[in-house]
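Biologist: Please show me the model. I have some questions about its overall form and then about one residue.

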Amino acid sequence: MQKNQVSNCVDYPAIVPECLIRQAAAFTAPRGRLEMGGLLIGHVDEEGNNVAVTGLFPEQLKETSGYCEFDGMWAALAAAACDAGNQIGDDSTPLIRVIGWIHTHPDIGIFLSGTDIKTFRSLRDATPERRIMAVVVDPLREQNGVFLTEKEPNESRPADGELVLSSELQDRYMKMLDQLEKIRSSRGLKALPCILPGPLRAQRNLQGVRDDSAIELERGFFREKRIIRALENEISLIQKQVSEVI
């Protein structure tokens with residue numbers, strides 16, 4: 001019993017590739033100040049890290065500038081997709097699973113709100129060994145944070161680096177992503193508007209699979225945002241120079 005209690009208190013290290021965050025930001029940024037939530041799918045590596053590799057944003061049941069909610073059935077559907085992927089390979093390959101919860105804080109920064117803390121705690125309590133991470137993305141400020149525990153709502157670190165997956169592990173993820181596409185085909189694009197392939201994006205593109213993040217990127221949101229920011233900086237500089245002259 002003591003061993004279980006100790007295990008439940010561990011906040012496992014997390015690895016989140018930058019490409020996954022870029023895809024999430026690209027898809028959610030055009031929504032403006034409406035929050036959006038979803039799930040991250042990953043595995044536990046040989047060093048005991050929780051590793052996020054792919055993810056999804058399902059249809060939101062509620063969405064405001066400070067709150068979002070999606071149907072809890074998506075956790076079960078994602079788990080079923082992982083089970084399909086885990087049929088590939090042998091016992092030497094890490095099992096893939098729902099490894100995290102991701103949601104946006106458009107233009108309000110990176111932290112866990114009171115509601116976020118309760119949600120994160122309930123998700124961890126319902127997960128074996130409490131092995132689940134929380135990721136917050138501010139697509140408008142181009143910021144993100146990875147949270148290991150609900151007890152430190154203002155302590156996070158940004159996603160960092162890229163992943164190198166074995167061929168066997170890639171095969172599992174590809175099978176899982178295929179299953180998610182089947183679910184989308186069955187339920188409709190509205191039900192599952194975004195699948196995040198993470199580092200497998202190039203392989204998925206070669207297969208001709210819909211690239212949800214790229215579709216939003218083509219709208220040029222970030223390009224226009226950088227132009228606006230540059231203009232704002234230039235105006236600010238001119239105003240400062242004028243004030244110094246006066």
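Modeller: A compact globule with 246 residues would have a radius of gyration near 18 Å, and the protein has 19 Å, which agrees. That radius is taken over C-alpha atoms, and the globule rule is 2.2 Å times the number of residues to the power 0.38. This is a predicted model: local features need pLDDT of at least 70, side-chain atom pairs count only at pLDDT 80 or more, and totals for chains, interfaces and linings use all residues. Residues are numbered from 1 along each chain as its sequence is written, and side-chain values use heavy atoms, with hydrogens and water left out.

Biologist: How many helices and strands are in the protein?

Modeller: Helices (H or I, at least four residues) and strands (E, at least two) are DSSP runs, numbered from the N terminus. On that basis the protein has eight helices and nine strands.

Biologist: Is aspartate 211 buried or exposed?

Modeller: Aspartate 211 sits in the loop between α6 (201-206) and α7 (212-217). Buried means under 20% relative accessible area, exposed over 50%, and partly exposed in between (1.4 Å probe, protein chains only). The relative accessible area of aspartate 211 is 14%, so this residue is buried.

Biologist: Which side chain is joined to that of aspartate 211 by a polar contact of 2.9 Å?

Modeller: Contact means heavy atoms within 4.5 Å. Leaving aside neighbours within four places in sequence, aspartate 211 is in contact with Arg201 and Asn205. A polar contact is a pair of N or O atoms within 3.5 Å; within protein, one must be able to donate a hydrogen and the other to accept it, and residues adjacent in sequence count only if both atoms are side-chain atoms. The partner in the 2.9 Å polar contact is arginine 201.
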